[in-house]
Amino acid sequence: MSIPKFDKLISRAIPVRTENIDTDQIIPARFLKAVERKGFGDNLFYDWRFNKAGQPIAGFPLNDPRYQGEILVAGRNFGCGSSREHAAWAIFDHGFRVVVSSFFADIFRNNALNNGLLPVKVSDEFLAEIFAEIDRDPMAQFEVDLEQQTFTILSSKHSETFEIDAYKKRCLQNGYDDVDYLVSIMPQIEAFEEKRKSL
Amino acid sequence: MGKTLLDKIWDAHTIRTEDGGRTVLYIDRHYIHEVTSPVAFAGLEKRGIGVARPQQVTATCDHNIPTEKQHLPIEEPQSREQVAALGRNCAKYGITYFGMGNPKQGIVHIIGPEQGFTQPGMTIVCGDSHTSTHGAFGAVAFGIGTSEVEMVFASQCLIQSKPKTMRITVDGKLGNGVEAKDIILYIISKISASGGTGHFIEFAGEAIRSLSMEGRMTLCNMSIECGARGGIVAPDQTTFDYLRGRGNAPQGADFERAIERWKELHSDPDAQFDTEYRFDAADIQPMITYGTNPGMGMAITDTIPAEADPKALAYMDFKAGEKMIGKPVDYVFVGSCTNGRIEDLRRFAQLVKGRKKAANITAWIVPGSKKVEEMAEKEGIRQILADAGFELRQPGCSACLAMNADKVPAGKYCVSTSNRNFEGRQGPGARTLLSGVAVAAAAAVTGSVQDPRQVFNL
């Protein structure tokens, strides 16, 4: 099997400035009851997007028609809290391919990478610049280049590089899937088990 | 240079290293529950492969289940189906499953240690962030996502970056009425809800050594709440005494041999940590949170800090500079993988004995496992609680994340011994004040936020 490949993306962006967005906000626990991976995008940021009657809340950026795109730009420490992968699924399923923040929680970062959703960590200053660019022009375009590991504000050509480890980069570029890889090295895993038994 | 405890266990489980530094890490014990496993099982099905080492997997249901009338089918259809799916999957792949009604069922992080599955020196994972709990035994234990659950099913391995190391030393003795929960809420309030990100925390120092295993589990459980991958405490006599005689721990002469191995599990004296913090136990008071992440905590006698996040205060309907003491409370929740162990119920019962639940309080006292429930019964805790107007419910995650019917209504305040005070965590619009057991007991009998040292003359 394979995960969705990622190479290069030019897109507008949707800003959610809140810091410390935890996975309970990304997808509340009551939406985790499905036994199949489908439809999670409808419940993304549910309690911030919809009121009690299920009507969209006008001020929330995902409900604001000015903002469109496949890039979600969020405040510092994105994805903290619960390990629920449903958070990454919901963001991907809603149509995002990239999440930009100045800091990501560890488990969320791994979950995103395992689903072809690219977490791009930028400096606090550059994050502020991205938010300012969207404020200036909600139509502004951004470029994410995985090969070069750069995130660029296209109007100003301001760019920052981001880190990703070599293994995960190769997986995203080629759509490689960790399970297939691990199964392929099963003889090595079994040899390890044998060696430990004899200790 | 010497090795840290994390280095020792990590290295002993490293099968190979990929370019970029990620480790193929061997996993000794894999815990699963109904919420984060079904999509992983479906993935195996699609690939046409099985579970590589079913005997190293332990399953239970906890997140979704009701905490009363557990002898009846689960009313809510989606929850019922999710729990049923876990039962079917475990039967299909030969995994031991402690389902509803089983005397070994309970919250996954309570039953693992209780039954001796969790042991020093192991690598332990579960599709649940609070897997960090098991670090209390000197194990490398951390939460994973569902894709990773599938990886462990398929190969008993994970591909992980090795975390950085952090040591947090708490010197000295804890004051009266101060418990493990207060230590960790204090630490998170000092280093922030993201202060541990990228790190694995080793807890050390006299105040940590003096904690029971239950206390160490509470501490490690919440290490994830400062963003850390996990927490760990080097095993010692307290650990060995806890494990001796537990069903799945080594028995007899094997146990004595295991102790000799486990005694090697400590950081070398010259080991270097990437980050170090040092705190004094004497500075730690009973704690309470005022905001919407676990880092927004303070000593119960303090006032809400001037620099508190206005968005969080608006959600909580609090103001900077206000005292927390005297704030009215509507709900009290004692339970969860943080504070749902027998020691927590003993403490709560000891404090409320001979008093009465305040009329304005709805209380949920939820044991972490069937075993805890059974012990509470035998020790007379259920009766003490009943005499004071409290009902002991049945085991599950309950109001910690409100996936079942135990939901705090919008706008209501709940003093909760759980681990997260995020917006809506205990139900849409619910307002959570995190605390230890003593603060929860004080709220339960007075109906408001109070200092347990005053209420109970501690």
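Figure 1. Two strands pair if DSSP finds at least two bridges between them; strands (E, at least two residues) and helices (H or I, at least four) are DSSP runs, numbered from the N terminus. This is a predicted model, in which local features need pLDDT of at least 70 and side-chain atom pairs pLDDT 80 or more, while totals for chains, interfaces and linings use all residues. Residues are numbered from 1 along each chain as its sequence is written, chains are lettered from A and ligands numbered from 1 in the order in which they are written, and side-chain values use heavy atoms, without hydrogens and water.

β3(A) and strand β4 (residues 98–101) of chain A run parallel and are joined by 3 bridges. Within this pair, A:Val73 has A:Val100 in β4(A) as its bridge partner. On another pairing, β2(A) and strand β3 (residues 71–74) of chain A are also parallel, with 4 bridges between them. Here A:Ile71 in β3(A) is the bridge partner of A:Ala13.

Figure 2. The parallel strands form an open sheet of 4 strands, in the order β2-β3-β4-β5 (chain A). Its edge strands, β2 and β5 (118–121) of chain A, each pair on one side only. Neighbouring strands of the sheet are turned by 20 degrees against each other on average, direction ignored. Helix α5 (residues 124–136) of chain A packs on this sheet and touches β2, β3 and β4 of chain A (contact: heavy atoms within 4.5 Å). The direction of α5(A) makes about 120 degrees with that of β3(A); axes are lines fitted to C-alpha atoms, for helices over the stretch in contact, with angles from 0 to 180 degrees between N-to-C directions.

Strand β2 (residues 13–16) of chain A is covered on both faces. On one side A:Ala13 and A:Pro15 are buried, and on the other A:Ile14 and A:Val16 are buried (under 20% relative accessible area; exposed is over 50% and partly exposed in between, for a 1.4 Å probe and protein chains only).

**Figure 3. Chain A as a whole.** Chain A contains 8 helices and 8 strands. Its C-alpha trace spans about 65 × 45 × 25 Å along the principal axes. Of its 199 residues, 58% count as buried. Among contacts in chain A with a separation of 6 or more, 65% come from residues 24 or more positions apart.

**Figure 4. The antiparallel sheet of chain B.** Three strands of chain B make an open sheet in the order β1-β2-β8, with antiparallel pairing. The edge strands are β1 (14–17) and β8 (157–160) of chain B, and each pairs on one side only. From one strand to the next, the twist averages 20 degrees. Strand β2 (residues 23–26) of chain B pairs with β8(B) in the antiparallel sense over 4 bridges. B:Leu25 stands opposite B:Leu158 in β8(B). Helix α1 (residues 5–12) of chain B packs on the sheet and touches β1, β2 and β8 of chain B. The angle between the directions of α1(B) and β1(B) is about 85 degrees.

**Figure 5. Helix α2 of chain B and its cover.** Helix α2 (residues 38–47) of chain B is mostly covered, with 7 of its 10 residues buried. The buried residues of α2(B) are B:Pro38, B:Val39, B:Ala40, B:Phe41, B:Gly43, B:Leu44 and B:Arg47. Their cover draws on both chains: it includes α3 (86–93) and α7 (178–184) of chain A, together with β3 (29–32), α3 (77–93) and α5 (146–155) of chain B. Just after α2(B), B:Gly48 takes a positive phi of about 70 degrees.

**Figure 6. Surroundings of B:Gln82.** B:Gln82 sits in helix α3 of chain B. With a relative accessible area of 0%, B:Gln82 is buried. Leaving aside residues up to four places away in sequence, B:Gln82 touches A:Leu32, A:Lys33, A:Ala34 and A:Val35 in chain A, and B:Glu34, B:Val35, B:Pro38, B:Asn64 and B:Met403 in chain B. B:Gly101 is 19 residues from B:Gln82 in sequence, and their C-alpha atoms are 16 Å apart in space.

**Figure 7. B:Glu75 in a loop of chain B.** B:Glu75 is found in the loop between β4 (57–60) and α3 of chain B. B:Glu75 counts as exposed, because its relative accessibility is 76%. B:Arg22 lies 53 residues from B:Glu75 along the chain, and the C-alpha atoms of these two residues are separated by 44 Å.
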